Amino acid sequence: MTRIIFLALAAFAALFAAPASAERVRDLGTFQSVRSNQLTGYGIVVGLDGTGDDNFAYVTQAMRGVSDRFGLQLPPGVNPALKNAAAVMVTADLPAFAKPGQRVDVTVSAIGKAKSLRGGALILTALYGADGQIYAMAQGNLAVGGLGVSGADGSRLTVNVPTVGRIPDGASVERAVATGFETSDVLRWNLYQADFLTATRVRDAINARYPGMARVEDGVTLALRLPYGANERAGIMADIEMLDIDPAEAAARVIVNSRTGTVVISSAVRLAPAAISHGSLVVRIDENPTIVQPGPFSDGETALEHDSTIDAYEEGDRIAMLQPGASLAELVDGLNMLGLSPSDLVAILEALKQAGSLKAEMVVI
């Protein structure tokens, strides 16, 4: 298993050693105004088969509001004990340039003690944006991938998550988000990951096609001066997104997943001269107890005589020497000679970092 892991790392090394291929601008970042907006709302799911919130106060209060909306007044102090209803949070992403009348998917999640939302229907629910305005209205039957059942003796069986469901095209857009796409003086384009070299290469490629249009604001953002009007801007933006760019090489970084033992080393990692010795002290103790019987007609007692054998030795007492400027492939080959496990590899990388030999950032997740 260890050898397979190191062979995989070596394969990654060979892959990363190849020259970086060109990538499209649209794969490196996005225009600032062309983004989705998060919507959320509080609603009620009805029609459940006894798996609702029962006497959950929020459900009772919400159902009183629904009843009042239709002219049905519940008597004061009456608890309807709604086992077939559940209080839920409804969330959705409003795509960029979404217009009234278009449909978006919604996710419905129970917030109380409902056991399952399977078979339920969401009552008309308003979805609000961060500014407190209503941008969509959601309603419909839930599609739930999970299943939860229980027996009279208290035993339960749950498959996936039955308290979360989706309604495809479950919300109708009621308000469009103003983006300023066609009227703003400057449109900004943002890299997914900050990098000054990549930002300058994108700027140079844009200015080569449209002289003087782009300038770098920081390691993430480019400011573009485009002609006014949605028709003209759309054509230029589409052309810019298809430009080929050679992005900068990724920073030297070692990623360690402390939970799974996964180690990923980027191709830019380099090492200063270092010698690595890896050895494990093994202590083995064997117990061979012997039963000792007293002589015939004596007053002695049966006794247990201990016989212990102790052996100590060291495994893997090999040393790997890394030359100046060693690459990822050489690092993997050197550590593979030592027959390391993933946990041993992490320990050695941390020691190299502390010694100043590992020229990379270590990130533990």
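Colleague: Is strand β4 largely enclosed or left open by the rest of the structure, and why?
Modeller: Keep in mind that this is a predicted model. Strand β4, residues 85-94, is largely enclosed by the rest of the structure, because seven of its ten residues are buried. Buried here means under 20% relative accessible area.

Colleague: Okay, and how many bridges pair β3 with β4?
Modeller: Ten bridges, with β3 (residues 37-46) and β4 pairing in the antiparallel sense. For an example, look at N37, whose bridge partner in β4 is L94.

Colleague: What about β4 and β5, how many bridges join them?
Modeller: Four, and β4 runs antiparallel to β5, which covers residues 103-110. You can find V90 opposite V108 in β5.

Colleague: New topic! What's the strand order in the open sheet of four strands?
Modeller: The order is β2-β11-β13-β12, and the pairing is antiparallel. At the edges stand β2 (29-31) and β12 (214-216); each has a single partner strand, so one side of each is left without a neighbour in the sheet. On average, neighbouring strands in this sheet are turned by 25° against each other, direction ignored.

Colleague: Which helix packs on that sheet?
Modeller: That's α4, residues 196-209, which touches β11 (187-191), β12 and β13. The direction of α4 makes about 165° with that of β12.

Colleague: Back to β12: how many bridges join it to β13?
Modeller: Three, and the two strands run antiparallel, with β13 spanning residues 221-224. To see them side by side, find V216, which stands opposite L222 in β13.

Note on methods: Residues numbered from 1 in each chain as written. Predicted model: local features only at pLDDT ≥ 70, side-chain atom pairs only at ≥ 80, totals over all residues. Heavy atoms only, no water. Pairing = 2+ DSSP bridges. Axes fitted to C-alpha atoms, helices over the stretch in contact; angles between N-to-C directions. Contact = heavy atoms within 4.5 Å. Buried < 20%, exposed > 50% of the residue type's maximum accessible area, 1.4 Å probe, protein only.
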